[in-house]
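Open the model in your viewer and keep the selection tool ready. We will go stop by stop.

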Amino acid sequence: AVVSTQSTGSIGREGNHVAVFSEIRVSKRHATISYSSEKFYITDEGTVNGTFLNGQRLSTQKTVSERFELSHLDELKVGSTTLQLHIHQNNDTCQWCEPGLNTESNTTTSSGPTTTSTISEPPTLYKQRAVQNNKLKRKYKLLGN
């Protein structure tokens with residue numbers, strides 16, 4: 001899921017959310033993502049199974065959490081899905097956001113099947129492409145330098 005606006009969005013199992021995860025461990029209205037003062041935040045909406053940020057549960061069961069700031073490369077776990085967050089200013093991206101580098105693996109644990117999305121090390125071709133893109137951005141004054 002991509003949250004590309006600078007506004008509030010929600011995560012849930014069903015309904016109109018910016019990210020929908022169709023699994024029983026995700027609540028119908030699981031978490032809220034908000035944007036304030038040029039930063040993204042997440043709040044667990046009092047779920048039974050929890051929302052985890054970098055391995056830490058945001059609140060106890062059935063208790064709405066406080067608001068936690070989201071940072072670039074944080075890991076967010078909702079249900080059995082772990083997401084690596086990419087938060088960029090303006091139109092800039094990092095080397096990990098090149099197309100085709102996202103991989104997904106499915107494993108089974110004692111608590112059931114788990115899906116993990118990860119970003120692999122960019123091959124040399126992608127690194128070269130990023131350097132070339134930055135040169136073009138500088139040439140056309142799309143970067144600060």
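Select Leu136 in helix H1; helices are DSSP runs of H or I of at least four residues, strands are E runs of at least two, and both are numbered from the N terminus. Leu136 is partly exposed, at 38% relative accessibility. Here buried means under 20% relative accessible area, exposed over 50%, and partly exposed in between, with a 1.4 Å probe and protein chains only.

This is a predicted model, where local features need pLDDT of at least 70, side-chain atom pairs count only at pLDDT 80 or more, and totals for chains, interfaces and linings use all residues. Residues are numbered from 1 along each chain as its sequence is written, and side-chain values use heavy atoms, leaving out hydrogens and water.

Stay in the helix. H1 spans residues 124–139 and includes Ala130. Is Ala130 buried or exposed? Ala130 is buried, because its relative accessible area is 18%.

Next, the core. Select Ile11, Phe21, Ile42, Leu70, Leu76 and Val78: they touch the most other members of the 15-residue largest nonpolar core. Such a core is a set of buried Ala, Val, Leu, Ile, Met, Phe, Trp, Tyr and Cys residues joined through side-chain atoms within 4.5 Å. Colour strands E3 (31–36), E4 (39–44) and E8 (75–78); each gives this core at least two residues. E3 has the largest share, 3 residues.

Finish on Leu70. Beyond its neighbours within four places in sequence, Leu70 is in contact (heavy atoms within 4.5 Å) with Phe40, Tyr41, Ile42, Leu53, Leu85 and Ile87.
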